[in-house]
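Have the structure open while you read.

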Amino acid sequence: MSENNKPQQVKKLDLAVRSALWLGPLKSQAKASGKKGSQPKAQLGMLKNPKGQLVDVLVAKGRIVSVAPAGSLDVQAAKEVDARGLILLPSLTDAHTHLREPGQEYKEDIASGLLAAAFGGFSNLMCMANTRPVNDTASVTEFMLEQARKSWPPAVGVGPRLYPIGALTKGLKGQELASMADLKDAGCVAVSNDGRPVESTELFRRALEYAHDLGLVVIDHCEDPFLAPAAGVNEGVVSSRLGLAGQPDIAEAIQASRDVLLAEYLNVPIHLAHISCEKSVAVIRAAKARGVDVTAETCPHYLTLTEDEVAGYSANAKVNPPLRPQADVEALLEALADGTIDMLATDHAPHAAHEKEVEFDQAPCGISGLDTALAVTWELVRTGRLPFDAFLRAWTTAPCRRFGLPVCTFAPGDPADFLLFDQEAQWVVGPDTMQSKSKNTPLLGRVLRGRLKAHFLAGKSIV
Amino acid sequence: MQWKHKDLLDISQLDADEVRHILATAAYFREINSRPVKKVPTLKGRSVVLFFAEASTRTKTSFDMAGKRLSADTFALAKSGSSLAKGETLKDTALTLQAMNPDGIVIRHGSSGAAQFLAERLECSVINAGDGRHAHPTQALLDALTLSRHWNGDFAGKTVLILGDISHSRVARSNVLLLTMLGAQVRLCGPRTLLPPRLDTWPVTVFSDLSKAARDVDAVMCLRLQLERQHAGLLPDLREYARTFGVSPRHLAQAAPGACVLHPGPINRGVEIDSALADSAESLILEQVENGVAVRMALLYLYLTRKSPDAAQPGIPA
């Protein structure tokens, strides 16, 4: 890049972040610096990635100008940030959240959800349509987007961006197609019946076809609607002992099979939400090998927690699909590393404390995930269980490319959306450390390692 | 024995010594129950709430009688007459009851885990009288007392067949734990549609054929078949169920000499148990009911006096 060769030509830099540890490759190596021998050695800690180096990030007009070896560019910016000891990461994208507004603002609203996103490290948030009313009309979409803009601090003028997901069927009832063209024009980036799987395969087929004409990817919550639906606990050793009606993993895999066969037959794309088990991984892997345009996500809780979390009738561990045995956790990690599972998403599903503090079978399903996702998944990288490039792909490029969202890859011209992260900082998950209105997570009270220290969006500090 | 547990939620909390102590204490109260005057002042001044959020006749009456025979004050609360029916949460009902300072709450509830939910929030003792499909420890203990008397206290080498709807049965879950702890072998038999998942992780042998399952067993424990299972698509009809899984004198003839039949009640005559067999000499069903009162007296005594060993009466096992 010519700017890198001649940094003196950059008239005005708005932000320079100095000496952050970057573990990926550099897209704009400052070839002309001629100081290769004097590059500072990075402190890699326990990370297995050998490519780490200290870099400076230069930003102008909300965009990346250059990411270069620390000290190699002798320029001053209006704002200088010392990032020594901190890891540089692009902001994350969450393709699956429930922000509850309109309708259930006591659980979460768009402002509190976006605040949790800012502190959780997310610049892009896709939110599901199961609000009250359902996001099946342009006016609901427009309302959501307006609420998002209003949530940004006026002094900063920017905040995490909201990308609503429209309903696939009217009212999510699974009977008539939603007005998807209206939804797209209003700003929806995908369509989904998440939370209420479409029972009719015929209607689902038509929805796939109709959405494809509009360039919208259908996101499917894979769950056979008749096979022990929404139990919130895996059918297995734990459910058997506790006397709870469990949901077998095949409830997900059967529907995933249906979906990829439909997508293949119709030659349309499909995205499978919150994949939780090895059997679904096998379905996706085989479909990809045949060339089906299928992408899939899994969630931090499926990579780190098992069905044992439910053992004390802990309603905070009740989630749909349910937490599975350890063998599924291992299969998901492998699938995420090899790209069978493309992306990570939180399935952030806030519920008020009083809704969870009831009999297990009465409690709603869902885990509040925006506040903990980064630390939980970084721990997998830090301990060598998830490759850094898979982490990066899963939280940034994969969702952004699938749904057409802006992404920072640290190439010149990319939006300057990035984080500074202290991988050693420990914190206790609790009301004081979470921004989401709802604290329904099985991690409540546990110590996590790794804390976001700064978050820049379009080059502006939002945390 | 200094009783260390605040609550009785499931058999898994107890060890074999504690179980034997409960059974020995129950045997003492069983003797009291045979006297002309059956009331003792052991729990005078203490109060027990009987909180039955699910229909029950014998368990509720049994606890009520057990409390009254120990001179405790018992207060019955049914779901239909409580604020639960008005939409109050279990937590709020629990806190309200707690504010009245009972010494113990006996809970029957349709949700698995409800007794633990209550116990985690209350200072008083919580006795689980059946929570969903999870546990029914007092039933298992009264079954154990019944079998113990029948077998002179020796469970080693004995085989018990639990028959019927295992999947939905808290009685089966608690009995598997308790019978195994006491040294008996447990067999399960029922249609696959009424068996829980992952029985390979249970300490049992599973049969799908009742004729084979009943062979050489020392006791058959029938479970009540909830009639709505047919409509849930788990069974074709009751006639076929009775023909394939109903226990009859023919099955008992294949069992070990002296084998007995138990049933937690209420029974469906002609469905899970042959009517004549229920009334036969081999049937211990009514003795189970009698032992139920004694076991619940023992439990109320142990749990409600755990902090005041001076409440012990002469004759009660120490």
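This is a predicted model: local features need pLDDT of at least 70, side-chain atom pairs count only at pLDDT 80 or more; totals for chains, interfaces and linings use all residues.

Q: What makes up the contact of α2(A) with α3(A), and how many of its residues are charged?
A: From α2(A) come Ile110(A), Ala111(A) and Leu114(A), and they meet Met144(A), Gln147(A), Ala148(A) and Ser151(A) of α3(A). Sorted by type, that gives five nonpolar residues, two polar and no charged. Being in contact here takes C-beta atoms within 7 Å.

Q: Which peptide bonds in chain A are cis?
A: One joins Arg132(A) and Pro133(A), with omega about 5°. Pro133(A) sits in the loop between β7 (122-127) and α3 of chain A. Another joins Asn320(A) and Pro321(A), where omega is about 0°. Look for Pro321(A) in the loop between α9 (300-304) and α10 (326-338) of chain A.

Q: What makes His274(A) worth a mention?
A: His274(A) is not a glycine, yet its phi is positive, at about 25°. You'll find His274(A) in the loop between β11 (270-272) and α8 (278-289) of chain A.

Q: How is chain A divided, and how many Å apart are the C-alpha centres of its domains?
A: Chain A has domain 1 (2-85) and domain 2 (92-405). Their C-alpha centres lie 35 Å apart.

Q: What makes β2 and β4 of chain B edge strands?
A: Each of them, β2 (73-78) and β4, pairs on one side only. The open sheet has four strands in the order β2-β1-β3-β4 (chain B), with parallel pairing. On average, neighbouring strands are turned by 15° against each other, direction ignored.

Q: How do you know that β3 and β4 of chain B pair?
A: Pairing needs at least two bridges. Strand β3 (residues 104-109) of chain B and β4(B) have five bridges, in the parallel sense, so the pair passes the cut-off of at least two.

Q: How is chain B divided, and what do its domains share as contact?
A: Domain 1 takes 11-136 + 289-311, and domain 2 takes 137-288. The centres of these domains of chain B, over C-alpha atoms, are separated by 25 Å. In the contact, 26 residues of domain 1 of chain B meet 24 residues of domain 2 of chain B. On the domain 1 side, α1 (16-32), β4 (125-131) and α11 (285-304) of chain B each give two or more residues. α11(B) gives the most, with eight residues. That side of domain 1 has 13 nonpolar, eight polar and five charged residues.

Q: Which element of chain B gives the most to the side that touches chain A?
A: The contact uses 18 residues of chain B and 16 residues of chain A. On the chain B side, α3 (90-99), α4 (114-119) and α6 (170-181) give two or more residues. α4(B) gives the most, with three residues. By type, the chain B side divides into five nonpolar, eight polar and five charged residues.

Technical notes. Residues are numbered from 1 along each chain as its sequence is written. Chains are lettered from A and ligands numbered from 1 in the order in which they are written. Domain bounds come from an automatic or database domain assignment. Two residues are in contact if their C-beta atoms, placed from the backbone, lie within 7 Å. Ala, Val, Leu, Ile, Met, Phe, Trp, Tyr, Cys and Pro count as nonpolar, Asp, Glu, Lys and Arg as charged, and the others, Gly among them, as polar. Axes are lines fitted to C-alpha atoms, for helices over the stretch in contact, and angles run from 0 to 180 degrees between N-to-C directions.
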